[in-house]
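This report goes through one structure part by part. Please have the sequence and the 3D view open while reading.

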Amino acid sequence: MTRLLDVENLTLQFDTDEGRITAVDGVSFSLEQGEVLGLVGESGSGKSVTAKSLMKLNPGNAIYGPQTRIALHLDDGSVDIMSLRTSSELQLVRGGAISMIFQEPMASFAPAITIGKQMVEQLLIHTDMSKKQARELSIEMLARVGISDASRRFDQYAFELSGGMRQRAMIAMALSTRPRLLIADEPTTALDVTIQAQVIELMKDLVAEFGMAIIFITHDLGVIAQTADTVAVMYLGRLVERGPVREVLRSPGHPYTRGLLEALPDLEDLDRPLTPVPGDIPSPLERPSGCVFHTRCQVAIEGLCRREVPQFVDLDEHHRAACHLVARERGAA
Amino acid sequence: MSERALITTRNLSVHYPLRGGLIGPRQVVRAVEGVSIEIARGSFFGLVGESGSGKTTLGRALLRAAPITRGEVIYDDGEVEYDLAAIDRAALKDYRTRAQLIFQDPYAALSPRMTVRDIIAEPLEVMGLTKTRAETDERVREIAARCRLNLEHLRRFPHAFSGGQRQRISIARALVSRPRFVVADEAVAALDVSIQADVLNLLKDIQRDMGLTFLFISHDLSVVAHVCDHVAVMYLGRLVESAPTRELFAAPRHPYTKALLSAIPSLDPDDRGRAQKLEGEIPSPTDPPPGCKFHTRCPFATDICRREEPRLSQQGSAHDVACHRWQELAEGGARA
Ligand SMILES: Nc1ncnc2c1ncn2[C@@H]1O[C@H](COP(=O)(O)OP(=O)(O)OP(=O)(O)O)[C@@H](O)[C@H]1O
Ligand SMILES: Nc1ncnc2c1ncn2[C@@H]1O[C@H](COP(=O)(O)OP(=O)(O)O)[C@@H](O)[C@H]1O
Ligand code: SF4
Ligand code: SF4
Ligand SMILES: [Mg+2]
Ligand SMILES: [Mg+2]
């Protein structure tokens, strides 16, 4: 395996009218080439901003922590993302080495420009193709993602396509520059299960063909089970568990991950009651001390969890969780 | 069964005229076409199908909020009986207190300038159901408590609440008039799983305690499997299958239902690639294909499917299906 990405101590705050909020707090992880990482967690847990940080795509009110290091390892050397300043430096990464697709494909396409024109423009920025080559590749990519009649679609606007087709066109555009890393932020959440199954299938085929790594952000653990090699669980800006997909889904270590799985309806067991994670996710303005999950954790350790931030402990070779209880059980074993 | 139905529709159609097009034949969107269902009193009735299949439109027609182009909708709660296609104004006013809607989006549905108390009280005031402020307050407090909102919550404005709390406010508002029939259209779709479980449990508890009947519209089949006792499947405005939940999930008969169920992503990572993939997308309801509406995507389509629209079988059981070939397919003899 070859390392593609190292994220160390990513901390991100936003200046808002209500004060400074911490959206990401000391998140570290790495990614191998070709790895599909599923990033899960409740809304507001910091998934999207973590992903956007990899391209420094957060808006002007974002403040990165001084300890934050993000290294992207490419064939011709490593890029220190945090040191990129100018838009031309960032352009090399955005839409080049890293592409991103969104839940709402309309966000990726300018409404007044045809799909084809946008695809060609992006290729002209990131490759040394001629206009003609860029056009040919774009049409080929549209056909590759299952859009029939691709040369006609090339000249259409995004609003003229159905939801499923738009999603495919967005994937085609994101992959045409052959990125090393694709970030997919809830790409199937707005789709019907039938179309979702088609898009998942397509993404799997493309990973096999192009060999890029994917960060797949979703709140749907079924989608994770079907696509990811590894899973990272976030809660209130912190990474709380990380491991291979089978281990995290079958033997979750962190109480929050367990809570998520118990809240989920499972078709295999219709009699099992749905157990919500008690309480609500706290506001980022009032982040709990110690373990950020302690206000909702039913197995919190009196006097400890409220005061001390838990460190990661190994459950298995690649499976880790940040929890005092897990640490205690491990220590005892 | 039929004397215990709260809602009975017979051949219900909802068509919307398309704007423009002065020349040529006038086009209509056949959002709902010839749907006959019975929703038993006290049931949690699920409605599923892809986007654009007509779920919301059917739900709105049952609330008399979409035009009833053809067919009948009978509401009968034991106290009153209404024929919704021919209902007069006074009866409609009464019906509005008996049938309510819970929206999908807990963020858009609540006015930001009203306190939670006023939001919940509004339907009582608009419908004139209470005489004094004290009586209104009493009703609001009672339903708020049931939805796990306390007095402190009632004084606040909705922006200060999380998604799950907002949905509980919407639920309290829908239930304050003490309806018998509630349409919940994607009521948990915008919520995180941890909150979704909480809201689903609340809906189930309320349904049981207050003897309500729910039409639960959802695109999430796992959720439907967990909360509904009966499920109807729609495709391009038509009802294609309707059965008790367990039966539908254990032994689906319609090829479309089978495809929908197999598209649900399994929680088991070793169960990948099991889905029988459904190709293509739902056709436009302005230009539906002839014969069986599903034939353009059905792996089992034959000549008759392309010519003749299958009727909903009424097997005398509660499991109905509209497919020419379902029996043959169930016997396992048919080839794609
Ligand atoms: N007021 C209207 N005027 C014209 N067409 C309409 C109107 N309301 C709905 N339709 C059309 O009727 C069809 C059914 O729509 P409906 O909203 O009932 O679908 P749905 O099953 O609820 O879909 P979703 O899962 O996306 O909510 C669609 O093709 C829709 O575009
Ligand atoms: N531009 C911004 N300005 C202020 N706060 C933001 C901004 N973007 C995100 N946030 C906040 O950061 C936190 C994490 O957000 P996000 O990454 O979007 O969560 P997720 O993707 O997990 O739902 C939230 O509290 C959100 O409100
Ligand atoms: S550290 Fe304590 S509060 Fe946090 S998840 Fe573990 S047991 Fe619960
Ligand atoms: S009637 Fe024919 S086309 Fe329609 S679902 Fe049945 S087999 Fe398929
Ligand atoms: Mg997000
Ligand atoms: Mg709808």
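How many of the 8 residues of helix α1 (residues 55-62) of chain B are buried? The count is 6, so the helix is mostly covered under the cut-off of 20% relative accessible area. The buried residues of α1(B) are Lys55(B), Thr57(B), Leu58(B), Gly59(B), Ala61(B) and Leu62(B). After α1(B) comes Arg64(B), and its phi is positive, near 60°.

The model described here is predicted. For chain A the mean pLDDT is 91, and 99% of the residues reach 70 or more. Within chain A, strand β11 (residues 238-244) has the highest confidence, at 98, while helix α7 (residues 193-210) has the lowest, at a mean of 84. Where pLDDT is low, predicted coordinates should not be read in detail.

Gly128(B) follows α3(B), and the phi of Gly128(B) is positive, near 60°.

**Where the two chains meet**

Chain A puts 44 residues in contact with 40 residues of chain B. The size of an interface is often given as the accessible area lost when the parts come together. For chain A and chain B this buried area is about 3600 Å², with 57% of it on carbon and sulfur atoms. The interface also holds 4 salt bridges. One of the salt bridges joins Arg246(A) to Asp270(B), where the closest N and O atoms are 2.7 Å apart.

**Two ligand shells**

Ligand 3 has 13 residues around it, and 13 residues surround ligand 4. The table lists the closest residues of each shell.

| Ligand | Closest residues |
|---|---|
| Ligand 3 | Cys291(A), Cys297(A), Cys305(A), Cys323(A), His324(A) |
| Ligand 4 | Cys292(B), Cys298(B), Cys305(B), Cys323(B), His324(B) |

By class, the shell around ligand 3 has 10 nonpolar, 3 polar and no charged residues. The shell around ligand 4 divides into 9 nonpolar, 3 polar and 1 charged.

Notes
Residues numbered from 1 in each chain as written. Chains lettered and ligands numbered in written order. Predicted model: local features only at pLDDT ≥ 70, side-chain atom pairs only at ≥ 80, totals over all residues. Heavy atoms only, no water. Near = heavy atom within 4 Å. Nonpolar A, V, L, I, M, F, W, Y, C, P; charged D, E, K, R; others polar. pLDDT = per-residue confidence, 0-100. Helix = DSSP H or I, 4+ residues; strand = E, 2+ residues; numbered from the N terminus. Contact = heavy atoms within 4.5 Å. Buried area = accessible area lost by both parts, 1.4 Å probe. Salt bridge = Lys/Arg side-chain N within 4 Å of Asp/Glu carboxyl O. Buried < 20%, exposed > 50% of the residue type's maximum accessible area, 1.4 Å probe, protein only.
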